[in-house]
Amino acid sequence: PGPPWPTAAWNTVRFARQTLSFLQELHERYGDLVTLPTVLGPWTLVFHPDGVRHVVQENHFNYRKGGISNQALRLTLGNGLLTNNGDSWLHQRRLIQPVFHRKQIVAIGQLMAESALAWTEEASINAGQPLDLFQEMSSLTLNIACKALFGADMLAHKERVLQASTTINHLEAQAFYVPGLLSLPTPQRRRLYEARNTLYTVVDALISKRHQASTESDLLTLLLDARDEETGESMTDQQVRDEVLTLMVAGHETTSNALCWALLLVAQYPDIESRLREEYTRVLNGRAPQMGDLPQLPLTRMVLEESMRLYPPAWAFARQAIAEDEIDGYRIAKGAYVLMFPATTHRHPDFWERPDVFDPERFSPECSAGRHRFAYFPFGGGPRVCIGNQFALTEALLILATILSRYQLRLLPETNVIPEPLITLRPRGKLLMTAHWHEEL
Ligand code: HEM
(Lines give C-alpha, C1' and ligand atoms only; values in the text may rest on other atoms or scores of the structure.)
Protein backbone atom coordinates (compact mmCIF):
# COMPACT_ATOMS: atom_id res chain seq x y z
CA PRO A 1 0.00 0.00 0.00
CA GLY A 2 1.08 3.55 -0.67
CA PRO A 3 3.77 4.61 -3.08
CA PRO A 4 7.15 3.05 -2.35
CA TRP A 5 9.72 5.19 -0.60
CA PRO A 6 12.51 6.61 -2.75
CA THR A 7 15.09 3.86 -2.57
CA ALA A 8 15.73 0.80 -0.46
CA ALA A 9 19.09 2.25 0.61
CA TRP A 10 17.53 5.51 1.81
CA ASN A 11 14.84 3.67 3.79
CA THR A 12 17.46 1.50 5.40
CA VAL A 13 19.53 4.53 6.42
CA ARG A 14 16.49 6.26 7.86
CA PHE A 15 15.39 3.11 9.66
CA ALA A 16 18.87 2.78 11.19
CA ARG A 17 19.28 6.46 12.12
CA GLN A 18 15.79 7.60 13.13
CA THR A 19 14.12 4.29 13.87
CA LEU A 20 11.25 5.32 16.12
CA SER A 21 10.36 8.62 14.45
CA PHE A 22 10.69 7.01 11.01
CA LEU A 23 8.23 4.28 12.03
CA GLN A 24 5.83 6.91 13.31
CA GLU A 25 6.13 8.80 10.04
CA LEU A 26 5.51 5.64 7.98
CA HIS A 27 2.46 4.85 10.06
CA GLU A 28 1.04 8.38 9.68
CA ARG A 29 1.75 8.53 5.97
CA TYR A 30 0.84 5.02 4.78
CA GLY A 31 -1.48 3.63 7.44
CA ASP A 32 -1.63 0.38 9.34
CA LEU A 33 0.23 -1.92 6.95
CA VAL A 34 3.29 -0.84 5.01
CA THR A 35 5.67 -2.71 2.75
CA LEU A 36 9.03 -1.04 3.04
CA PRO A 37 11.80 -1.75 0.51
CA THR A 38 15.17 -2.09 2.32
CA VAL A 39 18.62 -3.26 1.28
CA LEU A 40 17.79 -6.56 2.97
CA GLY A 41 14.58 -7.02 0.95
CA PRO A 42 11.02 -5.85 1.56
CA TRP A 43 9.78 -5.63 5.14
CA THR A 44 6.08 -5.81 5.96
CA LEU A 45 5.33 -3.51 8.88
CA VAL A 46 2.15 -4.26 10.81
CA PHE A 47 0.96 -1.40 13.02
CA HIS A 48 -2.70 -2.18 13.71
CA PRO A 49 -3.60 -4.35 16.74
CA ASP A 50 -5.85 -6.51 14.52
CA GLY A 51 -2.89 -7.28 12.25
CA VAL A 52 -0.69 -8.12 15.23
CA ARG A 53 -3.37 -10.43 16.63
CA HIS A 54 -3.68 -12.12 13.25
CA VAL A 55 0.06 -12.86 13.03
CA VAL A 56 0.87 -13.88 16.59
CA GLN A 57 -2.39 -15.50 17.59
CA GLU A 58 -5.19 -16.16 15.09
CA ASN A 59 -3.03 -17.40 12.23
CA HIS A 60 0.15 -18.16 14.16
CA PHE A 61 0.58 -21.51 12.40
CA ASN A 62 1.49 -19.60 9.27
CA TYR A 63 4.25 -17.59 10.94
CA ARG A 64 7.59 -18.78 12.26
CA LYS A 65 10.56 -17.10 13.86
CA GLY A 66 12.72 -16.30 10.86
CA GLY A 67 14.40 -13.61 8.79
CA ILE A 68 17.35 -11.40 9.61
CA SER A 69 16.41 -10.83 13.27
CA ASN A 70 16.20 -14.52 14.06
CA GLN A 71 19.41 -15.26 12.14
CA ALA A 72 21.22 -12.58 14.15
CA LEU A 73 19.82 -13.83 17.48
CA ARG A 74 20.67 -17.43 16.64
CA LEU A 75 24.35 -16.55 16.30
CA THR A 76 24.44 -16.14 20.07
CA LEU A 77 21.33 -17.82 21.45
CA GLY A 78 21.51 -20.84 19.13
CA ASN A 79 18.41 -22.96 19.24
CA GLY A 80 17.05 -21.73 22.57
CA LEU A 81 13.39 -21.09 23.32
CA LEU A 82 13.33 -17.58 21.83
CA THR A 83 14.67 -18.54 18.40
CA ASN A 84 13.54 -22.16 18.03
CA ASN A 85 10.59 -23.29 15.88
CA GLY A 86 8.15 -26.18 15.35
CA ASP A 87 8.03 -29.37 17.41
CA SER A 88 11.40 -28.76 18.98
CA TRP A 89 10.20 -25.36 20.27
CA LEU A 90 6.94 -26.87 21.60
CA HIS A 91 8.82 -29.64 23.39
CA GLN A 92 11.18 -27.18 25.07
CA ARG A 93 8.37 -24.75 25.95
CA ARG A 94 6.39 -27.52 27.67
CA LEU A 95 9.46 -28.61 29.55
CA ILE A 96 10.41 -25.13 30.77
CA GLN A 97 6.90 -23.72 31.40
CA PRO A 98 6.44 -25.23 34.92
CA VAL A 99 9.41 -23.22 36.21
CA PHE A 100 7.42 -20.06 35.48
CA HIS A 101 4.21 -21.34 37.03
CA ARG A 102 2.58 -18.92 39.51
CA LYS A 103 3.38 -21.24 42.40
CA GLN A 104 7.06 -21.04 41.54
CA ILE A 105 6.98 -17.27 41.19
CA VAL A 106 5.68 -16.98 44.75
CA ALA A 107 8.78 -18.81 45.97
CA ILE A 108 11.04 -16.67 43.79
CA GLY A 109 9.29 -13.48 45.01
CA GLN A 110 11.05 -13.78 48.36
CA LEU A 111 14.43 -13.83 46.66
CA MET A 112 13.44 -10.86 44.50
CA ALA A 113 12.32 -8.81 47.50
CA GLU A 114 15.51 -9.62 49.44
CA SER A 115 17.74 -8.78 46.49
CA ALA A 116 15.99 -5.46 45.89
CA LEU A 117 16.34 -4.54 49.56
CA ALA A 118 20.02 -5.51 49.61
CA TRP A 119 20.59 -3.22 46.62
CA THR A 120 19.04 -0.23 48.37
CA GLU A 121 21.19 -0.88 51.41
CA GLU A 122 24.46 -0.82 49.53
CA ALA A 123 26.85 1.91 50.61
CA SER A 124 27.32 3.27 47.08
CA ILE A 125 23.69 4.33 46.91
CA ASN A 126 23.66 6.06 50.26
CA ALA A 127 26.83 7.98 49.48
CA GLY A 128 24.91 10.35 47.20
CA GLN A 129 27.27 9.64 44.31
CA PRO A 130 25.73 9.51 40.84
CA LEU A 131 24.74 5.99 39.88
CA ASP A 132 24.71 4.59 36.39
CA LEU A 133 21.19 3.28 36.79
CA PHE A 134 21.33 1.17 33.65
CA GLN A 135 24.41 -0.68 34.95
CA GLU A 136 22.89 -1.03 38.41
CA MET A 137 19.54 -2.38 37.23
CA SER A 138 21.18 -4.74 34.74
CA SER A 139 23.39 -6.26 37.38
CA LEU A 140 20.52 -6.55 39.87
CA THR A 141 18.20 -8.28 37.39
CA LEU A 142 21.00 -10.51 36.07
CA ASN A 143 21.75 -11.70 39.56
CA ILE A 144 18.09 -12.34 40.39
CA ALA A 145 17.47 -14.27 37.15
CA CYS A 146 20.56 -16.44 37.61
CA LYS A 147 19.90 -17.15 41.29
CA ALA A 148 16.21 -17.85 40.74
CA LEU A 149 16.57 -20.00 37.64
CA PHE A 150 19.98 -21.65 37.99
CA GLY A 151 20.82 -21.30 41.67
CA ALA A 152 23.97 -19.41 40.61
CA ASP A 153 25.51 -16.27 42.07
CA MET A 154 26.60 -14.00 39.24
CA LEU A 155 28.40 -11.33 41.23
CA ALA A 156 31.86 -12.50 40.21
CA HIS A 157 30.96 -12.57 36.51
CA LYS A 158 28.58 -9.67 36.21
CA GLU A 159 31.00 -7.18 34.58
CA ARG A 160 31.95 -9.69 31.89
CA VAL A 161 28.38 -10.79 31.22
CA LEU A 162 27.00 -7.25 31.04
CA GLN A 163 29.82 -6.08 28.78
CA ALA A 164 29.31 -9.06 26.45
CA SER A 165 25.51 -8.53 26.40
CA THR A 166 25.98 -4.87 25.42
CA THR A 167 28.38 -5.78 22.60
CA ILE A 168 25.96 -8.42 21.30
CA ASN A 169 22.99 -6.04 21.52
CA HIS A 170 24.81 -3.43 19.40
CA LEU A 171 26.18 -5.81 16.81
CA GLU A 172 22.96 -7.75 16.32
CA ALA A 173 21.04 -4.51 15.87
CA GLN A 174 23.53 -3.35 13.22
CA ALA A 175 22.98 -6.59 11.31
CA PHE A 176 19.52 -5.24 10.46
CA TYR A 177 20.97 -2.51 8.31
CA VAL A 178 24.26 -3.84 6.98
CA PRO A 179 23.94 -6.86 4.68
CA GLY A 180 26.46 -9.60 5.40
CA LEU A 181 27.71 -7.92 8.59
CA LEU A 182 27.41 -11.09 10.65
CA SER A 183 27.16 -13.72 7.93
CA LEU A 184 30.55 -12.85 6.36
CA PRO A 185 33.88 -13.02 8.23
CA THR A 186 33.82 -9.33 9.24
CA PRO A 187 35.56 -7.80 12.30
CA GLN A 188 32.04 -7.31 13.73
CA ARG A 189 31.35 -11.03 13.50
CA ARG A 190 34.66 -11.75 15.22
CA ARG A 191 33.71 -9.38 18.07
CA LEU A 192 30.28 -10.98 18.31
CA TYR A 193 31.82 -14.45 18.61
CA GLU A 194 34.26 -13.21 21.26
CA ALA A 195 31.36 -11.82 23.28
CA ARG A 196 29.42 -15.03 22.77
CA ASN A 197 32.41 -17.10 23.92
CA THR A 198 32.57 -15.03 27.10
CA LEU A 199 28.95 -15.93 27.79
CA TYR A 200 29.60 -19.59 26.89
CA THR A 201 32.44 -19.73 29.43
CA VAL A 202 30.21 -18.39 32.19
CA VAL A 203 27.28 -20.63 31.26
CA ASP A 204 29.48 -23.74 30.95
CA ALA A 205 30.97 -23.11 34.40
CA LEU A 206 27.48 -22.77 35.79
CA ILE A 207 26.35 -26.03 34.17
CA SER A 208 29.38 -28.07 35.15
CA LYS A 209 29.07 -26.94 38.78
CA ARG A 210 25.51 -28.26 38.82
CA HIS A 211 26.57 -31.53 37.15
CA GLN A 212 28.76 -32.10 40.20
CA ALA A 213 26.10 -31.29 42.82
CA SER A 214 22.62 -31.72 41.39
CA THR A 215 20.38 -31.30 44.40
CA GLU A 216 18.18 -28.26 43.84
CA SER A 217 15.00 -28.39 41.79
CA ASP A 218 15.52 -25.34 39.61
CA LEU A 219 15.49 -24.87 35.88
CA LEU A 220 19.01 -26.12 35.38
CA THR A 221 18.29 -29.41 37.13
CA LEU A 222 15.14 -29.74 35.06
CA LEU A 223 17.05 -29.26 31.82
CA LEU A 224 19.81 -31.64 32.81
CA ASP A 225 17.39 -34.34 33.97
CA ALA A 226 14.98 -34.08 31.01
CA ARG A 227 14.66 -37.24 28.89
CA ASP A 228 13.08 -37.61 25.47
CA GLU A 229 9.87 -39.61 25.91
CA GLU A 230 10.57 -41.85 22.90
CA THR A 231 14.34 -42.28 22.88
CA GLY A 232 15.05 -41.70 26.57
CA GLU A 233 17.97 -39.50 25.55
CA SER A 234 18.92 -36.43 27.53
CA MET A 235 19.31 -32.99 26.00
CA THR A 236 22.58 -32.35 24.22
CA ASP A 237 25.11 -30.11 25.97
CA GLN A 238 24.60 -27.51 23.24
CA GLN A 239 20.82 -27.46 23.74
CA VAL A 240 21.18 -27.04 27.51
CA ARG A 241 23.67 -24.24 26.90
CA ASP A 242 21.36 -22.50 24.41
CA GLU A 243 18.42 -22.62 26.81
CA VAL A 244 20.45 -21.36 29.75
CA LEU A 245 21.97 -18.56 27.69
CA THR A 246 18.57 -17.58 26.26
CA LEU A 247 17.01 -17.31 29.70
CA MET A 248 20.00 -15.51 31.11
CA VAL A 249 19.96 -12.89 28.34
CA ALA A 250 16.16 -12.59 27.83
CA GLY A 251 15.64 -12.79 31.60
CA HIS A 252 17.60 -9.75 32.70
CA GLU A 253 18.03 -7.12 30.01
CA THR A 254 14.37 -6.48 29.22
CA THR A 255 13.38 -6.19 32.88
CA SER A 256 16.32 -3.91 33.55
CA ASN A 257 15.23 -1.60 30.72
CA ALA A 258 11.65 -1.54 32.00
CA LEU A 259 12.96 -0.49 35.42
CA CYS A 260 15.19 2.25 34.01
CA TRP A 261 12.36 3.82 32.02
CA ALA A 262 9.94 3.63 34.95
CA LEU A 263 12.41 5.16 37.42
CA LEU A 264 13.31 7.86 34.94
CA LEU A 265 9.69 8.79 34.27
CA VAL A 266 8.83 8.88 37.97
CA ALA A 267 11.80 11.21 38.55
CA GLN A 268 10.38 13.53 35.88
CA TYR A 269 6.80 13.55 37.24
CA PRO A 270 6.87 14.75 40.88
CA ASP A 271 3.08 14.52 41.24
CA ILE A 272 3.18 10.80 40.41
CA GLU A 273 6.17 10.40 42.69
CA SER A 274 4.35 11.89 45.65
CA ARG A 275 1.24 9.78 44.97
CA LEU A 276 3.48 6.72 44.97
CA ARG A 277 4.93 7.75 48.31
CA GLU A 278 1.44 8.03 49.75
CA GLU A 279 0.75 4.51 48.50
CA TYR A 280 3.88 3.20 50.20
CA THR A 281 3.22 5.05 53.47
CA ARG A 282 -0.33 3.71 53.59
CA VAL A 283 0.43 0.11 52.65
CA LEU A 284 3.98 -0.50 53.79
CA ASN A 285 4.31 1.95 56.65
CA GLY A 286 8.09 1.93 56.52
CA ARG A 287 8.74 -1.76 55.96
CA ALA A 288 10.14 -3.28 52.78
CA PRO A 289 7.55 -4.60 50.29
CA GLN A 290 6.88 -8.31 49.92
CA MET A 291 5.15 -10.13 47.11
CA GLY A 292 1.89 -10.27 49.08
CA ASP A 293 1.81 -6.44 49.12
CA LEU A 294 1.72 -6.10 45.34
CA PRO A 295 -2.10 -6.23 44.93
CA GLN A 296 -2.27 -3.28 47.37
CA LEU A 297 0.09 -1.20 45.23
CA PRO A 298 -2.04 -0.43 42.15
CA LEU A 299 -0.30 2.84 41.30
CA THR A 300 3.09 1.12 41.16
CA ARG A 301 1.63 -1.38 38.70
CA MET A 302 0.05 1.36 36.58
CA VAL A 303 3.33 3.29 36.49
CA LEU A 304 5.18 0.20 35.30
CA GLU A 305 2.58 -0.59 32.64
CA GLU A 306 2.48 2.97 31.36
CA SER A 307 6.31 3.07 31.24
CA MET A 308 6.31 -0.08 29.13
CA ARG A 309 3.67 1.47 26.88
CA LEU A 310 5.88 4.46 26.10
CA TYR A 311 9.17 2.55 26.17
CA PRO A 312 8.50 -1.15 25.53
CA PRO A 313 11.78 -3.00 26.23
CA ALA A 314 10.99 -5.46 23.40
CA TRP A 315 10.16 -2.61 21.04
CA ALA A 316 9.98 -4.78 17.89
CA PHE A 317 9.73 -8.43 16.96
CA ALA A 318 9.34 -10.37 13.77
CA ARG A 319 7.98 -13.42 12.00
CA GLN A 320 8.33 -14.99 8.57
CA ALA A 321 5.25 -16.08 6.60
CA ILE A 322 5.32 -19.83 5.85
CA ALA A 323 2.67 -19.55 3.10
CA GLU A 324 0.87 -16.73 1.36
CA ASP A 325 -1.61 -14.92 3.57
CA GLU A 326 -3.80 -11.85 3.76
CA ILE A 327 -3.86 -9.14 6.42
CA ASP A 328 -6.46 -6.39 6.32
CA GLY A 329 -7.14 -7.10 2.63
CA TYR A 330 -3.47 -6.98 1.61
CA ARG A 331 -1.59 -9.95 0.23
CA ILE A 332 1.32 -11.21 2.33
CA ALA A 333 3.72 -13.17 0.13
CA LYS A 334 5.10 -16.56 1.12
CA GLY A 335 8.39 -15.96 2.96
CA ALA A 336 7.54 -12.31 3.74
CA TYR A 337 9.41 -10.81 6.67
CA VAL A 338 6.74 -9.37 8.95
CA LEU A 339 7.62 -6.91 11.70
CA MET A 340 5.50 -5.74 14.63
CA PHE A 341 6.33 -2.78 16.83
CA PRO A 342 4.96 -2.39 20.34
CA ALA A 343 6.80 0.97 20.30
CA THR A 344 4.53 2.26 17.50
CA THR A 345 1.26 0.42 18.18
CA HIS A 346 1.42 1.52 21.83
CA ARG A 347 1.06 5.09 20.52
CA HIS A 348 -1.60 4.33 17.89
CA PRO A 349 -3.91 7.38 17.96
CA ASP A 350 -7.06 5.25 17.40
CA PHE A 351 -6.38 3.43 20.64
CA TRP A 352 -4.59 5.95 22.85
CA GLU A 353 -5.62 9.52 23.57
CA ARG A 354 -2.69 11.96 23.76
CA PRO A 355 -0.44 8.97 23.08
CA ASP A 356 2.87 10.66 23.92
CA VAL A 357 1.80 11.74 27.41
CA PHE A 358 2.85 9.72 30.46
CA ASP A 359 -0.42 8.99 32.26
CA PRO A 360 -0.51 5.87 34.46
CA GLU A 361 -4.28 6.27 34.96
CA ARG A 362 -4.75 4.72 31.51
CA PHE A 363 -4.11 1.41 33.24
CA SER A 364 -6.74 1.80 35.95
CA PRO A 365 -9.39 -0.95 35.70
CA GLU A 366 -11.98 1.59 34.44
CA CYS A 367 -9.77 2.93 31.64
CA SER A 368 -8.45 -0.49 30.63
CA ALA A 369 -11.90 -2.06 30.28
CA GLY A 370 -12.70 -2.92 26.66
CA ARG A 371 -9.24 -2.08 25.32
CA HIS A 372 -8.11 -4.11 22.30
CA ARG A 373 -5.94 -6.99 23.55
CA PHE A 374 -3.19 -6.04 21.09
CA ALA A 375 -3.25 -2.27 21.53
CA TYR A 376 -0.79 -3.05 24.33
CA PHE A 377 1.50 -6.07 23.98
CA PRO A 378 4.83 -5.51 25.75
CA PHE A 379 5.14 -9.28 26.23
CA GLY A 380 3.86 -10.28 22.78
CA GLY A 381 0.94 -12.70 22.59
CA GLY A 382 -0.35 -16.01 21.30
CA PRO A 383 1.55 -19.25 21.91
CA ARG A 384 4.90 -17.46 21.83
CA VAL A 385 3.99 -14.93 24.47
CA CYS A 386 6.88 -14.16 26.82
CA ILE A 387 7.35 -17.13 29.11
CA GLY A 388 8.84 -14.87 31.78
CA ASN A 389 6.09 -12.22 31.88
CA GLN A 390 4.88 -12.97 35.43
CA PHE A 391 8.45 -13.35 36.59
CA ALA A 392 9.33 -9.97 35.06
CA LEU A 393 6.26 -8.13 36.40
CA THR A 394 6.74 -9.46 39.93
CA GLU A 395 10.42 -8.62 39.89
CA ALA A 396 9.98 -5.14 38.42
CA LEU A 397 7.16 -4.23 40.85
CA LEU A 398 9.11 -5.41 43.88
CA ILE A 399 12.23 -3.53 42.80
CA LEU A 400 10.29 -0.35 41.97
CA ALA A 401 8.39 -0.37 45.26
CA THR A 402 11.54 -1.11 47.27
CA ILE A 403 13.52 1.71 45.67
CA LEU A 404 10.78 4.32 45.44
CA SER A 405 9.50 3.77 48.99
CA ARG A 406 12.98 4.67 50.30
CA TYR A 407 14.59 6.94 47.75
CA GLN A 408 13.91 9.83 45.49
CA LEU A 409 15.90 9.49 42.28
CA ARG A 410 17.03 12.46 40.23
CA LEU A 411 18.62 12.61 36.83
CA LEU A 412 21.90 14.55 36.72
CA PRO A 413 21.11 17.88 35.02
CA GLU A 414 23.57 17.39 32.16
CA THR A 415 22.28 13.90 31.32
CA ASN A 416 20.41 13.77 28.04
CA VAL A 417 18.36 10.59 27.81
CA ILE A 418 17.84 9.25 24.31
CA PRO A 419 16.04 5.95 23.67
CA GLU A 420 18.27 3.60 21.71
CA PRO A 421 16.36 0.87 19.86
CA LEU A 422 18.84 -2.00 19.66
CA ILE A 423 17.52 -5.53 20.13
CA THR A 424 15.99 -4.04 23.27
CA LEU A 425 14.97 -0.42 23.81
CA ARG A 426 17.47 1.05 26.20
CA PRO A 427 18.72 4.49 27.17
CA ARG A 428 21.76 5.46 25.09
CA GLY A 429 25.01 5.78 27.06
CA LYS A 430 25.02 6.16 30.81
CA LEU A 431 21.85 6.86 32.77
CA LEU A 432 23.30 8.94 35.59
CA MET A 433 21.01 9.50 38.55
CA THR A 434 21.43 10.37 42.21
CA ALA A 435 19.43 8.68 44.95
CA HIS A 436 18.31 10.64 48.01
CA TRP A 437 17.02 8.95 51.13
CA HIS A 438 13.48 10.23 51.74
CA GLU A 439 14.23 11.37 55.31
CA GLU A 440 16.85 13.79 53.94
CA LEU A 441 14.40 15.66 51.75
C1 HEM B 1 9.60 -13.89 24.64
C2 HEM B 1 9.20 -9.31 26.21
C3 HEM B 1 11.13 -10.63 30.48
C4 HEM B 1 12.14 -14.97 28.63
C5 HEM B 1 9.26 -12.56 24.73
C6 HEM B 1 8.49 -11.82 23.75
C7 HEM B 1 8.41 -10.54 24.17
C8 HEM B 1 9.10 -10.45 25.44
C9 HEM B 1 7.72 -9.39 23.45
C10 HEM B 1 7.86 -12.40 22.48
C11 HEM B 1 8.75 -12.24 21.28
C12 HEM B 1 8.10 -12.76 20.01
O13 HEM B 1 6.91 -13.09 19.98
O14 HEM B 1 8.82 -12.85 19.01
C15 HEM B 1 9.72 -9.29 27.49
C16 HEM B 1 9.71 -8.10 28.33
C17 HEM B 1 10.25 -8.47 29.54
C18 HEM B 1 10.58 -9.88 29.44
C19 HEM B 1 9.20 -6.73 27.93
C20 HEM B 1 10.49 -7.67 30.79
C21 HEM B 1 9.91 -6.53 31.09
C22 HEM B 1 11.50 -11.94 30.38
C23 HEM B 1 12.04 -12.74 31.45
C24 HEM B 1 12.35 -13.96 30.92
C25 HEM B 1 11.98 -13.93 29.51
C26 HEM B 1 12.23 -12.26 32.89
C27 HEM B 1 12.94 -15.18 31.60
C28 HEM B 1 13.32 -15.24 32.82
C29 HEM B 1 11.57 -15.03 27.38
C30 HEM B 1 11.64 -16.19 26.51
C31 HEM B 1 10.89 -15.88 25.36
C32 HEM B 1 10.37 -14.54 25.55
C33 HEM B 1 12.38 -17.48 26.80
C34 HEM B 1 10.61 -16.81 24.17
C35 HEM B 1 9.34 -17.57 24.46
C36 HEM B 1 8.91 -18.50 23.32
O37 HEM B 1 9.07 -18.14 22.16
O38 HEM B 1 8.40 -19.56 23.65
N39 HEM B 1 9.60 -11.70 25.76
N40 HEM B 1 10.26 -10.32 28.20
N41 HEM B 1 11.45 -12.70 29.23
N42 HEM B 1 10.81 -14.05 26.77
FE43 HEM B 1 10.44 -12.23 27.52
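Biologist: What order do the strands of the open five-stranded sheet follow?

Modeller: The order is E1-E2-E8-E5-E3, and the pairing is mixed. The edge strands are E1 (33–38) and E3 (63–64), each of which pairs on one side only. A strand is a DSSP run of type E with at least two residues, a helix is a run of H or I with at least four, and both are numbered from the N terminus. Please keep in mind that this is a predicted model: local features need pLDDT of at least 70, side-chain atom pairs count only at pLDDT 80 or more, and totals for chains, interfaces and linings use all residues. Residues are numbered from 1 along each chain as its sequence is written.

Biologist: How do you know that E2 and E8 pair, and in which sense?

Modeller: Two strands pair if DSSP finds at least two bridges between them. E2 (residues 41–46) and E8 (residues 337–340) have four bridges, in the parallel sense.

Biologist: Why is strand E5 called largely enclosed?

Modeller: A residue is buried if 20 or more other C-beta atoms, placed from the backbone, lie within 10 Å of its own, exposed if 12 or fewer, and partly exposed in between. Four of the five residues of E5 (residues 317–321) are buried, so the rest of the structure largely encloses this strand.

Biologist: Is His346 buried or exposed?

Modeller: His346 has 22 other C-beta atoms within 10 Å, so this residue counts as buried. His346 sits in the loop between H15 (342–345) and H16. Leaving out residues up to four places away in sequence, His346 touches Arg309, Pro312 and Tyr376; a contact needs C-beta atoms, placed from the backbone, within 7 Å.

Biologist: Why does Cys386 count as partly exposed?

Modeller: Cys386 has 19 C-beta neighbours inside 10 Å, so partly exposed is the label. Cys386 lies in the loop between H16 (365–368) and H17. Beyond residues up to four places away in sequence, Cys386 touches Phe379 and Gly380.

Biologist: Which residues come nearest to the ligand?

Modeller: Of the 23 residues around the ligand, the nearest are Gly251, Thr254, Gly380, Cys386 and Gly388. A residue is near a molecule if its C-beta atom, placed from the backbone, lies within 6 Å of it. H11 (237–250), H12 (253–268) and H17 (389–406) each supply at least two residues of the shell. The unreviewed UniProt entry annotates Cys386 as "binding site"; such annotations may be inferred rather than shown by experiment, feature names are shortened, and positions follow the numbering used here.

Biologist: Finally, what makes the chain as compact as a globular protein of that length?

Modeller: The secondary structure comes to 17 helices and twelve strands. The radius of gyration is 22 Å, close to the 22 Å that the globule rule gives for 441 residues, so the chain is as compact as a globular protein of that length. That radius is taken over C-alpha atoms, and the rule is 2.2 Å times the number of residues to the power 0.38.

Definitions and conventions:
Contact = placed C-beta atoms within 7 Å.
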